[in-house]
Amino acid sequence: MTQANLPAVRTEGVWKIFQQEAEEVRAVRDVSVTIERGEFTALAGPSGSGKTTLLNVIGGLTRPTRGRVWVAGQEVSEMSNQALARLRLEQVGFIFQAYNLLPVLTAMENAEFPMLLQGVAADERAARIGELFARTGMAGLEDRRPGKLSGGQQQRVAVVRAVASRPALVLADEPTANLDSASSEALLDVMAELNRDLGVTFVFATHDARVMGRARRLVRMGDGQIDSDETRE
Amino acid sequence: MHVRILLLLAMRNLRRQMRRTLLTSAVMVLGGALLIFSFSLGDGSHENWIDSGIRTSSGHVTVEQPAFRVSSKIEDRLTAALRAQAEQALAMADVANEVVAVSSRLRIGALASSAAGARPAQVFAVDPAAEAEFSTLDDQVVEGRYLEPDDRLAAYIGAGLASSLELRIGSRLVVQAQDTEQEIAAQLLRVVGIFSNGVPEVDQAVVHIPLATAGEWLGSGQDVTNVGVVLSGSHAVGPVVSHLETTLAESVIRGDVRVMDWREANPALAAAIAIDDFGNYLVFGILFLIIAFGIVNTVLMSVLHRHREFGVLQALGLTPGQTGAIVLVEGLTLTAVSGFIGVTLGLVGTWYLLSNGLDMSALVGEEMTFSGVVIDPVIVPLFRVARIVQVVAFILTIGAIASVYPALRAARIDVAEAMKFER
């Protein structure tokens with residue numbers, strides 16, 4: 001199987017246990033799941049169900065207590081910090097609830113930041129950002145700092161930043177939670193279009209019904225475990 | 001990581017908290033300027049002390065018979081042949097451009113007497129022309145004149161000795177000392193000039209006479225007790241000492257000759273300068289410790305406020321080391337820019353004083369002696385490239401050290417925790 005044919009994500013018996021003072025919190029319990037390339041998947045569940053923790057484990061932001069995780073065919077569970085950083089740079093794009101753009105950089109600079117780290121040539125960076133800004137309706141706002149953009153606009157820049165570096169998957173943690181309905185719908189349109197046209201793999205952690213409604217696969221979680229896994233056409 | 005990104009982030013983050021950055025920067029600018037200004041003045045005044053001290057003693061460098069420094073006896077003298085060898089070595093092209101004056105002298109302890117009484121004296125038998133270049137005593141005439149090349153039985157004496165022995169210009173003076181045959185020999189002299197140096201030990205004891213007169217009086221011919229050298233500055237001491245030791249190597253190994261720099265010959269002056277330097281280093285060390293805490297505060301506050309941001313950077317693919325590097329570059333940029341401005345301001349302030357110097361006479365009086373040396377109350381600062389490099393390196397080191405802890409804090413964050421962090 002070539003790397004392009006490997007699943008975007010595969011987890012096998014993943015546990016994540018936090019120690020909170022004397023108490024042991026089992027945030028993720030024995031989760032095994034495979035997400036293929038090009039999926040538009042939502043991990044849904046109430047607060048504390050373990051969806052964000054699972055997203056962090058998949059993205060290499062935190063290590064599983066037990067179990068194994070593969071991202072684009074690379075096993076991340078035992079990776080060094082350096083290798084994990086490289087994996088995040090090359091294979092994973094993140095979209096956060098609070099946008100998390102770097103406030104000292106313009107929209108353009110934020111969007112091209114991962115590509116700068118990757119060493120992508122300037123003309124290639126400009127071409128990718130130009131196309132994605134046009135697709136997301138952000139053309140003309142390239143030189144604005146995050147403080148001068150609306151929440152919806154900031155989140156679109158975050159989407160462009162996550163997608164422009166051409167990762168194997170984009171992990172989006174409650175991307176619509178801070179947005180009003182119109183902005184949420186518009187953002188979901190953008191992400192659905194990127195998924196359809198460019199084949200970008202999206203995995204959402206969400207409890208927003210709009211996101212769940214758009215997802216082609218819905219994985220429901222509760223108490224750190226997968227309760228149901230439903231694929232829709 | 002791309003250096004451009006590092007610098008871009010550093011500069012923009014420093015601008016982000018402009019007031020805090022400017023306050024810390026202002027302290028560093030002031031510290032840097034003060035450091036350059038004070039060290040330039042200190043170096044200038046030390047050079048002044050050295051110049052004043054060596055000209056009233058045995059020079060930046062002195063060539064002597066090894067035992068003379070302790071015994072001060074005429075039998076521990078340099079032969080005319082060794083003296084000539086040393087003078088020739090100093091005329092060589094390797095060092096000639098650094099040599100300002102060479103004076104070969106015969107120094108002996110003597111008893112000076114007149115009709116009014118007798119006093120112990122230090123007799124310096126000199127070549128008047130060479131000594132006039134070497135010493136500043138010829139400029140300190142209060143009555144009469146300094147020795148001239150044709151003088152035979154002339155004496156140039158300190159005002160204190162003249163007063164004690166009630167001598168005036170034209171008065172007769174007898175000096176007695178042990179000659180080369182270890183017999184007591186006396187010499188009649190006539191006072192041609194009286195000087196006032198400001199240092200009581202010098203004014204009450206020093207007598208200059210022609211070297212030729214001493215040669216006949218003591219039977220020492222052209223022999224001397226030291227060949228003293230004044231150089232263009234104390235920076236030239238090391239190379240000239242090495243050159244003399246190499247050129248006179250045979251005599252040095254045999255123990256006939258010893259080459260000493262002014263520190264060995266004037267340990268009290270060297271100690272005074274070392275103590276003064278230590279005091280300066282101590283004060284500036286404390287000052288920069290305070291500044292370092294300012295930098296730590298500025299950079300650490302910035303790190304704590306940007307906890308989530310560092311989490312984002314690592315989520316985007318920065319390694320912990322690269323995250324720390326961003327903070328380190330911020331601290332170093334702040335330090336380097338502030339240090340550069342401070343050093344420039346310090347140099348401008350110092351340059352302003354270069355022509356006229358800083359007149360301290362209102363504080364210390366017109367004449368001050370320190371460690372047996374007359375100090376000029378007008379301090380002319382001294383620029384030294386090595387000192388500027390030292391100050392810049394010191395400022396950057398302080399900046400780097402002060403930024404290490406905040407950088408480690410940024411590098412060691414838990415990314416997942418940082419993303420939860422709420423501002």
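Axes are lines fitted to C-alpha atoms, for helices over the stretch in contact, and angles run from 0 to 180 degrees between N-to-C directions. Helices (H or I, at least four residues) and strands (E, at least two) are DSSP runs, numbered from the N terminus.

This is a predicted model: local features need pLDDT of at least 70, side-chain atom pairs count only at pLDDT 80 or more, and totals for chains, interfaces and linings use all residues. Residues are numbered from 1 along each chain as its sequence is written, while chains are lettered from A and ligands numbered from 1 in the order in which they are written.

**Exercise 1.** Work out how helices H2 and H13 of chain B are arranged.

Solution. 
- Find H2(B) at residues 18–55 and H13(B) at residues 267–305.
- Their axes come within 10 Å and cross at roughly 175°.
- H2(B) is therefore roughly antiparallel to H13(B); angles over 145 degrees count as such, under 35 as roughly parallel, 65 to 115 as roughly perpendicular and the rest as oblique.
- The contact residues are 14 nonpolar, 10 polar and 2 charged. Here Ala, Val, Leu, Ile, Met, Phe, Trp, Tyr, Cys and Pro count as nonpolar, Asp, Glu, Lys and Arg as charged, and the others, Gly among them, as polar.

**Exercise 2.** Trace the open sheet of 6 strands in chain A.

Solution. 
- The order is S6-S7-S8-S3-S9-S10, with mixed pairing. Two strands pair if DSSP finds at least two bridges between them.
- S6 (92–95) and S10 (225–231) of chain A each have a single partner strand, so one side of each lacks a neighbour in the sheet.
- Neighbouring strands of this sheet are turned by 20° against each other on average, direction ignored.
- Inside the order, S3(A) (40–44) and S9(A) (217–222) pair in the parallel sense over 4 bridges. Thr41(A) stands opposite Arg217(A) in S9(A).
- Helix H5(A) (151–164) packs on the sheet, touching S6(A) and S7(A) (169–173). Contact means C-beta atoms, placed from the backbone, within 7 Å. The direction of H5(A) makes about 175° with that of S6(A).

Methods: Contact = placed C-beta atoms within 7 Å.
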